[in-house]
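Subject: Structure for you to look at

Dear colleague,

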Amino acid sequence: MKDDEDRTEMRFPVHKPGREAPQRATLLVISGPSVGKMFPLDADPKVIGREEGCDICIPSSDLSREHVRVEMDANDQVVVTDLGSTNGTYVDGNQIDHHSLRDGERFQLGSTVLIKFSYQDSVEEAFYRHQYEQAVQDGLTGLYNKRHFLIRLNQEIAYAARHRDFVSLIIFDIDHFKKINDTYGHPAGDLVLKRLAELVRETLREEDLLARYGGEEFTVLLRGENASQGLQTAERVRQILAHADFSWEDKAIKVSASFGVATRAPDQTNTAEEMLEQADQRLYEAKGAGRNCCVGDPG
């Protein structure tokens, strides 16, 4: 009975008084896209691949749509099975079709994605989650940081190329932000940045990615939006910010922003660098046109 009880606890960890906290099987991405991200396992098989419909989606062109399946067998061994992937699955440099993982063992998907399997308790899980958040989030606003945004930009371009779809990029920054800091102080400036992040995040779709690019500059990735739609989204955000209430110590602060929009169409080959340069140039044009406006291709 004790063996059965321990096996059940391995599959469905439950803390019991007087016993150590249970350990849970987890996968930790240690190289490639999604690096630092952790995925707890349970009794249900998990398919890993680049398609969004996978249980664990790692958006790398090196992965097949459904690359591997990870599951517990009848002996509570965690097993990884290759699903006929194009670029293969490897353990210790050897290509495998089916392999039982040991605690702490790593397996590689294609040439770029390396995943570590291990059993972790709740304290270890919290630590790794914190490490991941530190790696991808901006400390002030809680938005994604520049490093993560640049990774995702390349991934979204690759996704759009595969699916023959559009992707739009918005770059915007707060007009005369230095004047806000000089007039009200840097704590007021920080409040404006955090309030702006909340407002913009609320108006975007779940699949859109908002990041703090640096200082008072922000970026938005819009999957599947053409030039006209990207410009409409930028204009919607501009109006929300222009009419929102910002204040510091009962003093109203006028906030507006300028926007540049770039779009990659299915028949184009724009790189991430080219999209950034185009959006930045259009942001510059918006500032030259008097600020508090959007510049992009109307489509």
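Below I go through what was found, region by region.

Please bear in mind that this is a predicted model, in which local features need pLDDT of at least 70 and side-chain atom pairs count only at pLDDT 80 or more, while totals for chains, interfaces and linings use all residues. Residues are numbered from 1 along each chain as its sequence is written, and side-chain values use heavy atoms, with hydrogens and water left out.

The sheet

Helices (H or I, at least four residues) and strands (E, at least two) are DSSP runs, numbered from the N terminus. Six strands form an open sheet with antiparallel pairing, in the order β2-β1-β11-β10-β7-β8, where two strands pair if DSSP finds at least two bridges between them. At the edges stand β2 (38–40) and β8 (94–95), each with a single partner strand, so one side of each has no neighbour in the sheet. Between β1 and β2 there are three bridges in the antiparallel sense, and Thr26 stands opposite Pro40 in β2.

Strand β1 (residues 24–31) also holds Ser31, which is partly exposed at a relative accessible area of 24%; here buried means under 20%, exposed over 50% and partly exposed in between, with a 1.4 Å probe and protein chains only. Leaving aside neighbours within four places in sequence, Ser31 is in contact (heavy atoms within 4.5 Å) with Thr112, Val113 and Leu114.

Helix α3 covers residues 146–163, and its 18 residues should span 26 Å at 1.5 Å a residue, which agrees with the 25 Å between its end C-alpha atoms; the expected span is 1.5 Å times one less than the number of residues. Among the buried residues of α3 are His148, Phe149, Arg152 and Leu153. After α3 comes Arg164, whose phi is positive, near 50°.

Asn145 lies in the loop between α2 (122–136) and α3, and is buried, with a relative accessible area of 14%. The side chain of Asn145 reaches the backbone nitrogen of His148 at 2.9 Å. Not counting residues up to four places away in sequence, Asn145 touches several others, including Gln134, Ala211 and Arg212.

Aromatic rings

How many aromatic pairs does a search of the whole structure find? There are four, where rings of Phe, Tyr and Trp (its six-membered ring) pair if their centres lie within 6.5 Å, and planes under 30 degrees apart count as stacked, over 60 as edge-to-face and the rest as tilted. Phe149 and Tyr213 form an edge-to-face pair, at 5.7 Å centre to centre and 90° between the planes. Phe149 lies in α3 and Tyr213 in strand β13 (residues 209–214), so this pair ties together parts that are 64 residues apart in sequence. Both Phe149 and Tyr213 are buried.

The pair of Phe172 and Phe218 is stacked, because the ring centres are 5.4 Å apart and the planes are at 20°. Phe172 belongs to strand β12 (residues 167–174) and Phe218 to strand β14 (residues 217–223), 46 residues apart. Ring pairs also link Phe172, Phe218 and Phe259 into a cluster.

With kind regards

Definitions and conventions: Polar contact = N/O pair within 3.5 Å; in protein donor to acceptor, adjacent residues only side chain to side chain.
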